[in-house]
Structures are given as structure tokens and as C-alpha cells.
Amino acid sequence: MEFLRPSTLVEALEARSAHPDGVPIMGGTDVMVELNFDKRRPSALIDLTRVPELAEWGVDGDRTRLGAGVPYTRIIEHLSGRAPALAKASRSVASPQIRNRGTVGGNLGGASPAGECHPPLLATDAEIELASVRGTRRVRARDFYLSFRETALRADELITAILLPAPTGPQQFAKIGTRNAMVIAVANFSLALDTENRRVGTGVGSAGPTPFRAEAAEEFLEAEFDWEDGRPLSEAVVTRFGELVAAAARPIDDQRGSAAYRRHTLAVMARRALSWSVTDYRKGSTRCA
Amino acid sequence: MRVSFNVNGEDVTADNVWPGESLLYVLRERLGLPGSKNACEQGECGSCTVYFDGVTACSCMIAAGQAEGREVRTVEGLAEEPGKGGDRTLSTVQEAFVEAGAVQCGFCTPGLLVQTDDLIERTVGAGRAAPDDSEIREALAGNLCRCTGYEKIIDAVHLAAERRAAAGSTS
């Protein structure tokens, strides 16, 4: 096994191109577990922690450009206003030690359907920047997850950044697990209201082979939501929204929960996230968030 | 491969490191620093917690090669340097754990000490209010203790915060 330490993005892309069987490593919170338990023996580890571009965030037009290697702790500290749903999701990741190391790039690269980043990226219509020696392209989160742990990322590409649209309304994240910390989600859910375009975004995790959007629920809420004044929704509308989110799921029974329980939690989380969002909307707090 | 970095203020070099090896393994098996404990090897238990470039992390999840040129501080580095001919003096956090009876089998203690040291320095050490129970539980959520039920540990953190506040802010 080789250990490669590129110190610039160009070097990193060249290393990736030369070692398509190699494994990029940032925080190591997934990769090192596989190595420690002898589940993976890649030909090379490509350490990306010395590439400055990956560890920075900044403004890109009306969006936030989040380097793929920014740890969750810094997202929580700096991006709670610019990316509320992602920041909320970041707070729910594992423990302080893990949040100090784990990154959105790693979450996307591992592509576990339970990963905390996926629902917010789907709900907010974020884009993922993929780079290789051939060039750079951007893929919408909704087009990124292809099948179980398979993504649009090609063998010679690195995930370099995430582009997060400026929030124009409430954004929420909810997660169900056996305790608050150190939990892989039974299911997780994100809701984003785009008041400018009057669009509803959803993202669902750990309830199917890939993270996904609940499109029927989005369309339903777009038609029912009072975009003018944010008047409280009827109980029937809130319930129906929860049902539509749950109906979009394709969960399985596993050690973390049954398929039926996962559907149940999704309906509950969707209703809660919607109620919180209506409250936020009426407060108008999100306009200055 | 060879890996060189700084541990507890001292420059060290480890040779014949396998590229897939963890920092924890290098500390314990190659550098004679067994304070950081090896339990779960998957970031679940926190018993291998160290400072890595100033932030706490599970050393089992840092590849040895990632430590090249970095600064690591382990539980062995918490105690004060000895005076002339004297023993090393335990740190405020270590003293508080002993006095509060926060140690039973002791296996989780090194990780808890490092994580508590970080919490104390980020709060009272930085001139902020002492952490309350919920902040303490949140900060220590990634450190598992199977003996104590955590109550004595939380007592120890309160005691350490009180004494650290009395000693004054350094940052």
C-alpha cells in the first residue's frame, strides 16, 4: 500500500488519476474503520488533508462554496446562517471528536444511505463539484445518488466542493435514533422552503437504497402552502404531507429498525419539520437568517 | 514508511510504519505511549482521544501518515512537567477525576481526560461560563464508560471547571 500526500489540488487530481484503485482519505472516520477491521486493502491511500482548497469555504455568487474537506465542527460554527439544514444535520453527527474530523466530502464519497448530509443537500438543491485531470463538472445532489452506495463520482474524480444556494426560507433537519449522539440514523429527513420560487424541497435518508426526494409530497405542499402569509396549515394537510413522505420510502428491515417503523418515523419527522417551518415562516426569522 | 511529528512537545520519528496503520497504533506500539487506549477501533468509544493540531480526535481514525509534521498531544502530555527531581504534577482535570472518584476500571479515563481538558479550555479557560450538565454530556457524548454511570465523571468536570476558573483565563 502506498501513502500519497498531495499538497495541491493539481497534485491530488494527478494522484487520483494515477491510482484509480486508491482510496481518498480526509477525516478517516469511514476509511480507517475499514482498514482497522481488515475490510479493505487499497493499493494506495490518497491523503487529502494537505490540500488547502478542500478545507476552505467562501462565497460563490449567490451561493456558498463549501470545500469538501471542511469538518462538521466548522460548518456548525460558520454556516448555521448560510446553510441552516446542513448545519443542523452536522450537529447530529456522531460525537465532538468525529465532528472535528468528518467532512461532507467523505459523507458523499462513502454514500451510505444513512449519511446525515444527503437529506439537506437534496432538500436545498445543492450541487456537488467533481474534479479530475480532465476538468471540473457540477452535478445536482438529486442526480448524484445512483444506486446503493453508487454515485455519479467517476474513478478518476475527487469530490472538491458543495455549492449551497442561499436560503430563502425555513430549512429543517430531523433524525431518529436510539440516542442523540453516536447514532446511525434509523431514518432522517430534511425540509427546505424556497419562498422566492415557491418551491418545496425534501430529502430522505436511511429509508431506501439511496437518499431521495419525496417528490409527490413536495408538489402537494407547494400547492397547499400559504406562500403569502404562511397561515397555519390544517391538520389534514400536515397529515397528508407526512403520509406522502412516508409513501416515497423504500425501507428495509435491519438491525436499526423495521421498514414499518421507518415509514412511521418519516411521517412523524415530516409533520414536525413542517410545523417548525411554518412557525419559522410566520416569525419571518428566516428572511434574515 | 517513516513518519515524523511532534508528540507532547517532543519531535519523534517512527520507522517501518505500514501505510494503513492508525496514529493510535503508532503511539502505543512504536512510540511507547500506551496512555491512549485501544478499544473499538471505529470511533465509537473515545478511549483513544488525543489532541491533533489542537482539536480532539479519535487517534484510531487518523492514518499514521496523516500525522506527518502535525502536533499531537496525548493524555501523557496533560500532566505538568516535573520540577527539579520531582514527580510530574497532575493537571487540574486529572486531580478532579481522582478526587471526585470518577475512575473505576480506568480504561475510558485517558479519553475522558483529554476530552474534558478540551471542554474546560474552550469554556472557563477562554473566559466563558462553566459548562452546565447538558454541555458536559454533549461534549463527552463520544466517550463511553461502562463502569461509572457517568455521574462521578460529571461531578469531576464541574470540579475541574470550578478550579480552572479560579486559576484564571490564559487564552
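The legends below describe close-up views of a predicted model. Residues are numbered from 1 along each chain as its sequence is written, while chains are lettered from A and ligands numbered from 1 in the order in which they are written. In this predicted model, local features need pLDDT of at least 70 and side-chain atom pairs count only at pLDDT 80 or more, whereas totals for chains, interfaces and linings use all residues.

View 1. Ser190(A) lies in strand 12 (residues 187–194) of chain A; helices (H or I, at least four residues) and strands (E, at least two) are DSSP runs, numbered from the N terminus. Ser190(A) is buried, with 32 other C-beta atoms within 10 Å. A residue is called buried if 20 or more other C-beta atoms lie within 10 Å of its own, exposed if 12 or fewer, and partly exposed in between, with C-beta atoms placed from the backbone. Beyond its neighbours within four places in sequence, Ser190(A) is in contact with residues including Ala85(A), Ala89(A), Pro119(A), Phe173(A) and Thr202(A); contact requires C-beta atoms, placed from the backbone, to lie within 7 Å. Between Ser190(A) and Met269(A) the C-alpha to C-alpha distance is 8.7 Å, although they are 79 residues apart in sequence.

**View 2. Helix 4 of chain A.** Helix 4 (residues 84–91) is largely enclosed by the rest of the structure, because six of its eight residues are buried. These buried residues are Pro84(A), Ala85(A), Leu86(A), Ala87(A), Ala89(A) and Ser90(A). Among the elements they pack against are helix 7 (118–123), strand 11 (171–176) and strand 12 of chain A.

**View 3. An open sheet in chain A.** Three strands in the order 1-3-2 make up this open sheet, with parallel pairing; two strands pair if DSSP finds at least two bridges between them. Strand 1 (2–4) and strand 2 (23–25) of chain A are at the edges, each with a single partner strand, so one side of each has no neighbour in the sheet. On average, neighbouring strands of this sheet are turned by 25° against each other, direction ignored. Strand 1 of chain A is joined to strand 3 (residues 44–47) of chain A by three bridges, and Leu4(A) stands opposite Ile46(A) in strand 3.

**View 4. Where chain A touches chain B.** Here 24 residues of chain A are in contact with 24 residues of chain B. On the chain A side, strand 1, helix 2 (31–36), strand 3 and helix 5 (96–99) each give two or more residues. Helix 2 of chain A provides the largest share, four residues. By class, the chain A side has 13 nonpolar, seven polar and four charged residues; Ala, Val, Leu, Ile, Met, Phe, Trp, Tyr, Cys and Pro count as nonpolar, Asp, Glu, Lys and Arg as charged, and the others, Gly among them, as polar.

**View 5. The two assigned domains of chain B.** Domain 1 (3–77) and domain 2 (92–167) are given by the domain assignment of chain B, the bounds coming from an automatic or database assignment. Their centres, taken over C-alpha atoms, are separated by 22 Å. In chain B, 13 residues of domain 1 are in contact with eleven residues of domain 2. Strand 3 (residues 49–52) of chain B gives the most to the domain 1 side, with three residues. That side has six nonpolar, six polar and one charged residues.

Terms used. Contact = placed C-beta atoms within 7 Å. Axes fitted to C-alpha atoms, helices over the stretch in contact; angles between N-to-C directions.
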